[in-house]
Amino acid sequence: MKQAEMLLKKEEQVIFSLRAIFEQFGYRKFKMSKFEEYDFYAENRSFLNSENILTFTGLDGKLLALKPDVTLSIVKNTRGSREAAERVYYNENVYRARRGAGEYREIMQVGLEYIGEADSYATLEILLLAQKSLKAISGEYILDLSHMGFLAGLMEQSGLGLAQQKSVLHCISEKNAHGIREICRECGIDNDMRGRLETLAGLYGTLEDALPQIQTLCCNEKMERAAAELEDILRCLKTGGNEKRVHLDFSIVNDMDYYNGVIFQGFIDGVPSSILSGGRYDKLVQKLGKDADAIGFALSLDLLERFETTEREYDVDTLLLYDDGTDTAALAQAAQMLTDNGQSVAVQKKNTGGLKYKQLLCMRERGLEIVAE
Amino acid sequence: MRNKINIALPKGRLGEKAYDIFEKIGCGCPEIHEGGRKLVFEDEENGVCYFWVKPSDVAVYVERGAADIGVVGKDILLEQPYDVFELLDLGMGKCRMAVAGVKGERPDSEHTLRVATKFPNIAREYYRGKSREIDIIELHGSIEIAPVLKMSDVIVDIVETGVTLRENNLEVLEEIVKISARLIANKASYKFKNERIREICGRVAELCETGKQEGKL
């Protein structure tokens, strides 16, 4: 069994351990169909973060789409409510056009959703599971937290128009303080507010170090509530000794029409972009006509393809050659003997040079001969 | 060295100026002055590795994590969005993105405006804001001759001194946006090499600020 496990690719190993983690916390697997009606995605296009949806015509002439996202389908089908929460996880392929790739790609996603009353325990559970998921991939991980309520509160207070708010949020997502300065100058925003926006964009550090700084940025109740929620999260994480790799970073900005509370992203050292992303999205659930809160996250495991790969030294342990005079039964027996010893064997007539092997054996009429080691 | 910083620099004058800044803040790599055709230069002592890439590719190297930070013109970042942090405006390599046309002629507003450019997205975005119907002609160089040959009505291009425009009997009609060099960082590198990147960033900002005051940059 040990050896068979070693054959699994990194992403397969990760799926294996993630499923175990999710099941442990009472999440059950959600299996969904490969496609949905296109209209469903078209209505919620801005949630998808991508303009492109792979479509085709179904047998009855309806326009169908290969799913670009799983969360939408789960929310549509959920029976979770404030009284009885639903916990589900999934492991599905989604189809998206990665920017710059020029074509649709199949992306392997593993994720989970909690739909019900998202109280502070539910939020903490999701954050801890996100942390465990990252840890299952590598010990060198970072989980970044942000809060949409905090950002929204500051935007309300800023005196900026909607279009400019969007530009400022974009600058915050780029940590672009000079861009914010420029916009504030154009819109005649006072220095105090400009300072707050710039500080927010530049803010980065562990939750523990950075939280005191955001207290000084608060200028309305909405922001204070958000800060208090983050404070509470820190307190709970600290109790379990889980706060060290959790950072505060407001450059994570999601669509305000869908997300409301805590949002987060996870990074693994050695993977150039965020591998995990998630957050609180009550507004989406309510938009789809359900009375519940929701929080969840997803990991894009295709990013692990090039992570920690070591080139295999050999394709097989033994290359076993035979010729026309070889007795087939004896050959099969020799191969069986080798595999019984735990070796991998390729049996072929000629050594074409395309296979890397540890030892080369030859089956002649008089028996097995070692040709090279 | 685990905390080695990989820096992508744009080949050419801008990259050389940017390197000078890095050298001044103590991230030099003397070997780089030897010239030749080598593209990668590493300095163990200062923990830096520089590589020269095509200016329009810098953001790609940074986004994909081959480089932790890089120096790139704002024009490149405006033309195509990249998933990177834009940490600083270096205030050098200053120029502007502008619409230019043949001197003395004003394109009439009755027809679809033909726009020759290397920056189709910037041009499209700009004219969308003005609700103007346009026909984009994407070129890769010598944009200035398009209006001279009547292939296009105007061009959208970078204007630095205006000499090229003048010599081809063109003039600036409208300015779209001011351009300068930016310091960008890979998002994951920013997190895992945070201290080092922030330190570099802070020192570069300081140097650029004094440079600005002295009017050198």
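## A sheet in chain A

In this predicted model, strand β13 (residues 316-322) of chain A and strand β15 (residues 357-364) of chain A run parallel, joined by six bridges. To find one of these links in the viewer, look for Leu319(A), whose bridge partner in β15(A) is Leu360(A). Both strands belong to an open sheet of four strands in chain A, with the order β14-β13-β15-β16 and mixed pairing. Which strands stand at the edges? They are β14 (345-348) and β16 (367-372) of chain A; each has a single partner strand, so one side of each is left without a neighbour in the sheet.

From one strand to the next, the twist averages 25 degrees. Now look for helix α14 (residues 328-340) of chain A, which lies across β13, β14, β15 and β16 of chain A. Its direction is at about 165 degrees to β14(A).

## Domains of chain A

## The nonpolar cores

Nonpolar side chains tend to be buried together in soluble globular proteins. Here the largest nonpolar core has 77 residues. Those with the most contacts inside this core are Ala130(A), Leu143(A), Leu145(A), Phe264(A) and Ala294(A). Helix α6 (residues 120-137) of chain A supplies the largest share of the core, six residues. At least three residues of the core come from each of domain 1 (9-137 + 269-304) and domain 2 (141-257) of chain A.

Which residues does Ala130(A) contact, leaving aside its neighbours within four places in sequence? They are Leu143(A), Phe264(A), Gly266(A), Leu276(A), Gly278(A) and Phe297(A). Apart from this core lies another, of 39 residues, including Tyr50(B), Trp52(B), Val71(B) and Leu87(B).

## Over to chain B

In chain B, the assignment gives domain 1 (5-93 + 180-213) and domain 2 (95-178). The C-alpha centres of these two domains of chain B lie 30 Å apart. Six residues of domain 1 of chain B are in contact with eight residues of domain 2 of chain B. On the domain 1 side, the residues are one nonpolar, three polar and two charged.

Chain B also has an open sheet of five strands, in the order β8-β7-β9-β6-β10, with mixed pairing. At its edges stand β8 (134-138) and β10 (170-179) of chain B, each with a single partner strand, so one side of each is left without a neighbour in the sheet. Strand β6 (residues 95-102) of chain B runs antiparallel to β10(B), and eight bridges join the two. Met97(B), for instance, has Val177(B) as its bridge partner in β10(B). Helix α4 (residues 120-129) of chain B lies across β6, β7 (113-117), β8, β9 (154-159) and β10 of chain B, at about 170 degrees to β8(B).

## Where the chains touch

How many residues of chain A are in contact with chain B? There are 14 residues of chain A in contact with 14 residues of chain B. On the chain A side, five are nonpolar, six polar and three charged.

Conventions: Residues numbered from 1 in each chain as written. Chains lettered and ligands numbered in written order. Predicted model: local features only at pLDDT ≥ 70, side-chain atom pairs only at ≥ 80, totals over all residues. Core = buried A, V, L, I, M, F, W, Y, C linked by C-beta atoms within 7 Å. Buried ≥ 20, exposed ≤ 12 C-beta atoms within 10 Å, placed from the backbone. Domains from an automatic or database assignment. Contact = placed C-beta atoms within 7 Å. Pairing = 2+ DSSP bridges. Axes fitted to C-alpha atoms, helices over the stretch in contact; angles between N-to-C directions. Nonpolar A, V, L, I, M, F, W, Y, C, P; charged D, E, K, R; others polar.
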